[in-house]
Amino acid sequence: ERRGGGVVPISLTSDVPVAMDAHGQDLVVRVHEALNAFPERDARAVQVVELRFFAGMTEPEVAEALGVTDRTVRRDWEKARLLLAGMLA
């Protein structure tokens, strides 16, 4: 009972792979640099990308963390994806 008392342990995992190839590492760095280029445009969109891309949170989790609706998160995510696609191309 001192060490869990028969409780089934769970592991904390994320969608970001631990061991990435060079292309994956390059993409993470490029996304990070691109995000630094547009906080002036939309700070909340940057937060959405950080929480979705880097933290692996779902839209409802992001909405709750930022205190906005799911729809607002979807809009910000789509806008940020379009901006990042243009910046990374």
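The charged end of Arg52 sits over the ring of Trp77, at 4.5 Å from the ring centre, where a charge is taken to sit over a ring if NZ of Lys or CZ of Arg is within 6 Å of the ring centre and within 35 degrees of the ring normal. The model is a predicted one, in which local features need pLDDT of at least 70 and side-chain atom pairs count only at pLDDT 80 or more, whereas totals for chains, interfaces and linings use all residues. Residues are numbered from 1 along each chain as its sequence is written, and side-chain values use heavy atoms, with hydrogens and water left out.

The chain has four helices and zero strands, helices being DSSP runs of H or I with at least four residues, strands being runs of E with at least two, and both being numbered from the N terminus. Read along the sequence, the pattern is therefore α-α-α-α. Of the 89 residues of the chain, 20% count as buried, a class that means under 20% relative accessible area, with exposed meaning over 50% and partly exposed lying in between (1.4 Å probe, protein chains only). Among contacts between residues at least 6 apart in sequence, 51% join residues at least 24 apart, a contact meaning heavy atoms within 4.5 Å.

Helix α2 covers residues 43-54, and its twelve residues reach 16 Å from the first C-alpha to the last, close to the 16 Å expected at 1.5 Å a residue; the expected span is 1.5 Å times one less than the number of residues. The buried residues of α2 are Ala45, Val46, Val48 and Val49. They cover an arc of only 160° around the axis, which puts them on the same side of α2, the arc being that of the directions from the helix axis to the C-beta atoms. The N-terminal end of α2 is capped by Asp42, a side-chain oxygen of which lies 3.3 Å from the backbone nitrogen of Arg44. After α2 comes Gly56, whose phi is positive, near 75°.

The structure holds one aromatic pair. Its partners are Phe53 and Phe54, in an edge-to-face arrangement with 5.0 Å centre to centre and 85° between the planes. Rings of Phe, Tyr and Trp (its six-membered ring) pair if their centres lie within 6.5 Å, and planes under 30 degrees apart count as stacked, over 60 as edge-to-face and the rest as tilted. Phe53 is partly exposed because its relative accessible area is 28%, and Phe54, at 32% relative accessibility, also counts as partly exposed.

Buried in α4 are Thr72, Val73, Asp76, Trp77, Ala80 and Leu84. Seen down the axis of α4, the buried residues fall within an arc of 130°, so they line one face of the helix. On the other side of α4, Leu82 and Gly86 are exposed.

Which residues does Asp76 touch, not counting residues up to four places away in sequence? They are Asp42, Arg44, Ala45 and Val48. The side chains of Asp76 and Arg44 are joined by a polar contact of 2.4 Å, a polar contact being a pair of N or O atoms within 3.5 Å, where within protein one must be able to donate a hydrogen and the other to accept it, and where residues adjacent in sequence count only if both atoms are side-chain atoms. Asp76 counts as buried because its relative accessibility is 3%.

Thr72 is likewise buried, with a relative accessible area of 12%, and its side chain makes a polar contact of 2.9 Å with the side chain of Thr69. Arg71, by contrast, is partly exposed at a relative accessible area of 46%; Arg71 and Pro60 are eleven residues apart in sequence and 9.3 Å apart in space, C-alpha to C-alpha.

Not counting residues up to four places away in sequence, Leu84 touches Val31, Ala34, Leu35, Phe38 and Val49. Leu84 and Val49 are 35 residues apart in sequence, while their C-alpha atoms are 9.7 Å apart in space. Gly86, which counts as exposed at 55% relative accessibility, is 52 residues from Ala34 in sequence and 9.9 Å from Ala34 in space, C-alpha to C-alpha.
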